Amino acid sequence: MNSLAPGLLMLAVLALAAGGIHLWRSGADRKRGMLMLLAAAVFFINVLLMTL
């Protein structure tokens, strides 16, 4: 169970980053895209801290 959480969070990081980049590049909703990229960064840092 302990190794499941970082894996799921990394999938969330990939999904948030891909969605954020898509929104930011398309110009549809740049603010939401940047917030999704920020959330991906926070999740990634959380994974790094959990695996130390």
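This briefing describes helix H2, its packing against helix H1, and a few residues on its surface. The structure is a predicted model, and the values below are computed from it. Helix H2 covers residues 30-51, and its buried residues pack against helix H1, which covers residues 4-26.

**Helix H2 and its two faces**

- The buried residues of H2 are Gly33, Ala40 and Val47; because they cover an arc of only 40 degrees around the axis, they lie on the same side of H2.
- On the face of H2 turned away from this buried side are the exposed residues Lys31, Leu35, Leu38 and Leu49.

- Leu9 belongs to helix H1, and it counts as buried because its relative accessible area is 18%, where the cut-off for a buried residue is under 20%.
- Once neighbours within four places in sequence are left aside, Leu9 is in contact with Phe43, Asn46, Val47 and Met50, and of these Val47 is itself listed among the buried residues of H2.
- The C-alpha atoms of Leu9 and Ala40 are separated by 9.1 Å, although these residues are 31 residues apart along the chain.
- The C-alpha atoms of Leu9 and Thr51, which are 42 residues apart along the chain, are separated by 12 Å.
- Thr51 is found in helix H2 and counts as exposed, because its relative accessibility is 52% and the cut-off for exposed residues is over 50%.

**A nonpolar patch on the surface**

- Phe44, Ile45, Leu48, Leu49 and Leu52 form a nonpolar patch on the surface, and together they have about 550 Å² of accessible area.
- Leu49, one of the residues in this patch, lies in helix H2 and counts as exposed because its relative accessibility is 58%.
- Leu49 is also one of the exposed residues on the face of H2 turned away from the buried side.

**The salt bridge**

- Side chains of opposite charge can pair when their charged atoms come close.
- The count for this model comes to one salt bridge, taking a distance within 4 Å between the side-chain nitrogen and the carboxyl oxygen as the cut-off.
- The side chains of Arg32 and Asp29 meet in a salt bridge, with a distance of 3.5 Å from N to O.
- Arg32 counts as exposed because its relative accessibility is 52%, whereas Asp29 counts as partly exposed at 26% relative accessibility.

Key:
Residues are numbered from 1 along each chain as its sequence is written. This is a predicted model: local features need pLDDT of at least 70, side-chain atom pairs count only at pLDDT 80 or more; totals for chains, interfaces and linings use all residues. Side-chain values use heavy atoms; hydrogens and water are left out. Patches are made of residues with over 30% relative accessible area and no salt bridge: like charges are joined within 9 Å, nonpolar side chains (Val, Leu, Ile, Met, Phe, Trp, Tyr) within 5 Å. Accessible areas come from the Shrake-Rupley method with a 1.4 Å probe; for residues, only the protein chains shown count as cover. Helices (H or I, at least four residues) and strands (E, at least two) are DSSP runs, numbered from the N terminus. Buried means under 20% relative accessible area, exposed over 50%, partly exposed in between (1.4 Å probe, protein chains only). The arc is that of the directions from the helix axis to the C-beta atoms. Contact means heavy atoms within 4.5 Å.
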